Amino acid sequence: MQTNAQFEQIVQEHQQQVFRTLARLVNRRENLEDLAQEVFLRLYRALPTFRGEAMLSTYLYRITVNVAQDEWKRRRRVDDPLLPMSTGEEDGGPTLEDRLAHRDPGAEQQLLSGEFWSMVQQQVMTLTPVERTVLTLFHQEEQTYEQIALTLNLPINTVRTHLHRARTRLKQRVEQAMKPEAVKPAVTIHERVRV
């Protein structure tokens, strides 16, 4: 049986993980604290039945993903527009750009890079919920296949498949978004000379 002091210790040890993961999955600053509170409330209720077969952090990731999925469903019902995934800047973590090696580009290059990553994040939000979750847990939370499989209660090969599909679809969508729009020719001479 957990005491309040033990539970407070769990909250303090894992609150950054919960906030960071929620921020990356739902990207809602205005209700992030409410969602985190829901995660810890669910954890508090579930702790008496926690058997310790998995690490507590894995169990907590599962609850966090469930809360994020509930938020996605709620947003879909309200018809909120999709928002880009958190870049990491808001929670003090490394941004997507920081996780890639790069030289110090000029201001114009930084602007173009920021626009590119914004577009990539918008495309990530168009993936299926499970693809988005696996991609986030693997690339941003740096979980292993095994950890993700435990978190999502999926076989490891299914996690690999979802990650592969997510990467493939994201690549296709980014490439499509980067293609220049077909430039329509200016008004032709025949269109100008109408009688």
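Let's start with Arg-169 and Glu-131, whose side chains form a salt bridge with the closest N and O atoms 2.2 Å apart. By salt bridge I mean a side-chain nitrogen of Lys or Arg within 4 Å of a carboxyl oxygen of Asp or Glu. Arg-169 sits in helix H7 (residues 156–178) and Glu-131 in helix H5 (residues 129–140), so this pair ties together parts that are 38 residues apart in sequence. Helices here are DSSP runs of H or I, at least four residues, numbered from the N terminus. Glu-131 is buried at 3% relative accessible area, while Arg-169 is partly exposed at 32%. Buried means under 20% relative accessible area, exposed over 50%, and partly exposed in between, with a 1.4 Å probe and protein chains only.

A quick word on the model: it is predicted, so local features need pLDDT of at least 70, side-chain atom pairs count only at pLDDT 80 or more, and totals for chains, interfaces and linings use all residues. Residues are numbered from 1 along each chain as its sequence is written, and side-chain values use heavy atoms, leaving out hydrogens and water.

How many salt bridges are there in the whole structure? The search finds seven. One of them joins Asp-70 and Arg-42, at 2.7 Å from N to O. Asp-70 belongs to helix H3 (residues 56–78) and Arg-42 to helix H2 (residues 32–46), so that pair ties together parts 28 residues apart in sequence.

Now, staying in helix H3, Glu-71 and Arg-74 are three residues apart, about one turn of the helix. Their salt bridge has its closest N and O atoms 2.8 Å apart. Glu-71 is buried, at 4% relative accessible area, and Arg-74 is partly exposed at 30%.

How values were computed: Helices (H or I, at least four residues) and strands (E, at least two) are DSSP runs, numbered from the N terminus.
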